Amino acid sequence: FHSGQRWPNLFRHVIGIVHTNYADYMEIDQTLPLELKEGSVFAASTLVCSAYCDVNVKLSDTIMPLPNEVTCNVHGVRSEFLAIGDRSHRSAEGA
């Protein structure tokens with residue numbers, strides 16, 4: 001949960017990493033009908049991913065379809081990517 005400004009207002013390009021298949025959790029929880037839970041989770045996930053992310057990276061295709069999705073196995077953030085971000089930030093400040 002993020003209570004500040006929307007990420008797209010703070011950054012030019014926002015990438016979301018979706019690592020949990022919430023639809024699978026819905027089958028485990030027996031408190032509500034499965035159809036209601038699946039629809040709610042799909043709607044909420046689609047809404048949040050659309051509102052906050054330019055691209056949604058799924059770690060596997062077992063995760064539900066999402067807007068602007070790309071499937072790519074991601075393990076942490078390599079230092080090279082952080083260095084590129086730092087250089088880009090310094091360049092933008094100097095402009």
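1. Helices α1 (7-10) and α3 (34-52) each supply at least two residues of the nonpolar patch, where helices (H or I, at least four residues) and strands (E, at least two) are DSSP runs numbered from the N terminus. The patch covers about 450 Å² and is made by Trp7, Leu10, Phe11, Val48 and Tyr52; patches are made of residues with over 30% relative accessible area and no salt bridge, like charges being joined within 9 Å and nonpolar side chains (Val, Leu, Ile, Met, Phe, Trp, Tyr) within 5 Å. Accessible areas come from the Shrake-Rupley method with a 1.4 Å probe, and for residues only the protein chains shown count as cover.

2. This is a predicted model, in which local features need pLDDT of at least 70 and side-chain atom pairs count only at pLDDT 80 or more, while totals for chains, interfaces and linings use all residues. Residues are numbered from 1 along each chain as its sequence is written, and side-chain values use heavy atoms, with hydrogens and water left out.

3. Tyr52, a member of the patch, lies in helix α3 and is partly exposed at 32% relative accessible area (buried means under 20%, exposed over 50%, partly exposed in between, with a 1.4 Å probe and protein chains only).

4. The structure holds 2 salt bridges (a side-chain nitrogen of Lys or Arg within 4 Å of a carboxyl oxygen of Asp or Glu). Lys58, buried at 3%, pairs with Glu69 at 3.3 Å between the closest N and O atoms; Lys58 lies in strand β2 (residues 55-58) and Glu69 in strand β3 (residues 69-71), so this pair ties together parts that are 11 residues apart in sequence.

5. Lys58 also meets Asp61 in a salt bridge (3.9 Å, N to O), and Asp61 is exposed at 56%. Through shared partners, the salt bridges join Lys58, Asp61 and Glu69 into one network.
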